[in-house]
Amino acid sequence: MIDIKNLYYKYEKHTALENINFKINKNEKIALLGSNGSGKSTLLRILAALYFPTKGEYFFNKEKITKKTAKKLRPKIGILFQNPDSMIFNPTVYDELSFSLKEFGFKDIDERVKKVAKEFNLEKFFNKSPINLSGGEKQKVMLASILAYEPEILLLDEPTTAMDPRTTGWFIDFLIELNKTVILATHDLAVAYETSDRAIVLDENHQIIFDGEMEELMKNLDILIKANLIHKHKHKHKRFIHSHYHTHF
């Protein structure tokens, strides 16, 4: 489905991704793990054809993705950004849910909007401005607006950051049941472990240092430390001071 070969991406003053190689099959659920600044968001934007590699190749269903072929790819991929406010620009929730459907030329827009709104329990917000919703509610609206057009792949960039614990729990259950290819970028090992079978880990040098089963990663202390996904510090239990490793939440 996706094939990334020798991919590099450079901004003006620094490298964001270096020699990235991996393949993704249909209906895989993958956690893209790494600390802040490792290149996770940049990689998602390349997969969504919002950015294009400085060097290397990106194939989707065996077709090379370039600026010329990107338009055909975009209806097949949905990307949810970390900050929902960066995606919201319609006056009402109904308008937000229908926007991509209009852009991609769907005819059954009202039917699709009502269907996805019911699934996400958003009907009560139809006439409200999405700007006035809570962070978790905004993320639900934006996720629903993506799934309304039924993309083949869902890209999620730190989606639980704006969610409260209840919404995070709902989101984890939703992803577990979702029958779709999902790439979840996060530094939250707990969310990654609950929702993903495979992990791709980027280190602080913007390179892949692990690509394998999530269960295997959780046992590999060296990789978790190298990727800055766990840390060690001293802390106090009543009168006893000791140190051990902690995951990043």
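Modeller: Here is a short walk through the salt bridges. This is a predicted model: local features need pLDDT of at least 70, side-chain atom pairs count only at pLDDT 80 or more, and totals for chains, interfaces and linings use all residues. Residues are numbered from 1 along each chain as its sequence is written, and side-chain values use heavy atoms, with hydrogens and water left out.

Colleague: What is a salt bridge?

Modeller: A salt bridge is a side-chain nitrogen of Lys or Arg within 4 Å of a carboxyl oxygen of Asp or Glu. That rule gives 11 salt bridges here.

Colleague: Which parts of the chain does the pair of Lys40 and Glu158 link?

Modeller: First, the terms. Helices (H or I, at least four residues) and strands (E, at least two) are DSSP runs, numbered from the N terminus. Lys40 and Glu158 meet at 3.7 Å, N to O. Lys40 is in helix 1 (residues 40-47), and Glu158 is in the loop between strand 7 (153-157) and helix 6 (165-177), 118 residues apart.

Colleague: Is Lys40 buried or exposed?

Modeller: Buried means under 20% relative accessible area, exposed over 50%, partly exposed in between (1.4 Å probe, protein chains only). Lys40 is buried at 5%. Glu158 is buried too, at 5%.

Colleague: Where do Asp85 and Lys138 lie?

Modeller: Their side chains form a salt bridge at 2.8 Å, N to O. Asp85 lies in the loop between strand 6 (77-80) and helix 3 (93-103), and Lys138 in helix 5 (residues 135-147), so the pair ties together parts 53 residues apart in sequence. Asp85 is partly exposed at 37%, whereas Lys138 is buried at 9%.
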